Each structure stands twice: as structure tokens, then as C-alpha cells.
Amino acid sequence: MTTLNNRLNSYSPAALLAFRVFFGLLFAVHGSAKLFGWPLGSSVPVGSWPMWWAGVIELVAGLLITVGLFTRVAAVIASGEMAVAYFWQHWPPLEGEPPSFWPMANGGEPAVLFCIGFLLLAAIGPGVYSVDGRRRPVGAATTTAAPPARGGLLSRFRRR
């Protein structure tokens, strides 16, 4: 099993690159559809609230995430936008009877998936194949996750 783990671990930087690029491009295309009507649909009027501003966030954050520049900040903003989109557009509990909480029933699956995916990118970072990865000092660590802290609640469950 260790051999399989070691082999798969060697692909982690490339897999993170593919995930970040595809996720960022999909998000940017959602923004370009709102702003320019490309590749499908019609554009929304400039400055209209909230769709035009959501398109700006989606286009800019999507492009930043795609190239890996300011990835963590862009991912937090994009994740927050998707959370707002879900609770405001797909399941608005404060506006009368909500259609359904479940994303499959109210059409909010893309918003939830984008929200969780961007939270993942914010937590693990852009990886070594990114502009942020190139901007690091030469002696900086190349891992994307910090080692687990000692102590705390979870330390009771670790093997010794």
C-alpha cells in the first residue's frame, strides 16, 4: 500500500494544477457569460445588482485562480460569493416559503460544489505549479499544507 501511496503522492502537484485550472476556467466562463454573453446566453446590464457584480467577481477570481495568483484570497472571495448565491438565489429562507433546502431540488448544486471546491483551494493553496508558487523565496517549503499542530482535541486520537 505504501508503494501506491508514494506513487499517487508524486502526482499531487500535477493533480492540484489540473483541479485549479479547470475550476478557475469554469468559474471565469460563468462570469464571462454574465458580463459579455459569451459563450452562451445574453449579458446582463452593466452595473445591475447583483448579477453584473457577481459576473465581475466570477471572471476576475476565476482568472486569478486559473493562473494561481493570489489564489487563497481569490478562492475565499469566490467561495463566499457561492455561499451567498446559494442562500440568496437557490434557497432563500427569509423570502417566504423556500423551495427546498437540498441542492438537487433547488438547482443549487453548482453553487455548493464551487463553494466547497474554493474552500479546498483556500485551505491547501495553489501548489507549486502556479504564479504564487514561483513568487515564493527559494528556501521556502514546497508543501501546501502545514504539519498538524500538537495538542488540542484531536491529539487524543492520534497514534503514539
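Predicted model: local features only at pLDDT ≥ 70, side-chain atom pairs only at ≥ 80, totals over all residues.

Numbering runs from 1 along each chain as its sequence is written, and side-chain values use heavy atoms, with hydrogens and water left out.

I looked up the largest pocket and got a volume of about 480 Å³. (On a 1 Å grid over the protein atoms alone, a pocket is an open set of points where a 1.4 Å probe fits, with protein on both sides within 12 Å along at least five of seven lines; lining residues have an atom within 4 Å of a point. Volume is the space filled by probe spheres set on the points, which are joined across faces, edges and corners.) I count 22 lining residues, with Ala54, Glu58, Glu81, Met82 and Ala85 nearest the centre. They split into 14 nonpolar, five polar and three charged.

Which helix gives the largest share of the lining? Helix 4 does, with seven residues. At least two each come from helix 2 (12-36), helix 3 (51-67), helix 4 (71-90) and helix 6 (109-124). (Helices are DSSP runs of H or I, at least four residues, numbered from the N terminus.)

**Helix 3 on helix 4.** I find these two packed at about 145°, axes 9 Å apart. (Axes are lines fitted to C-alpha atoms over the stretch in contact, and angles run from 0 to 180 degrees between N-to-C directions.) The contact, meaning heavy atoms within 4.5 Å, includes Ala54 and Glu58 of helix 3 and Glu81 and Met82 of helix 4. By class I note 10 nonpolar, one polar and two charged residues there.

**Salt bridges.** I get two in the structure, taking a Lys or Arg side-chain nitrogen within 4 Å of an Asp or Glu carboxyl oxygen. In one, Lys34 meets Glu58 at 2.8 Å, N to O. That pair joins helix 2 to helix 3, 24 residues apart in the chain.

**Backbone.** Most residues other than glycine have a negative phi, and most peptide bonds are trans. I flagged Trp38 to Pro39 as cis, omega near 5°, and Trp49 to Pro50 as cis too, omega near -5°. Pro39 sits in the loop between helix 2 and helix 3, and Pro50 is in the loop between helix 2 and helix 3 as well. Phe70, not a glycine, has a positive phi of about 50°; I place Phe70 in the loop between helix 3 and helix 4.

Notes:
Nonpolar A, V, L, I, M, F, W, Y, C, P; charged D, E, K, R; others polar.
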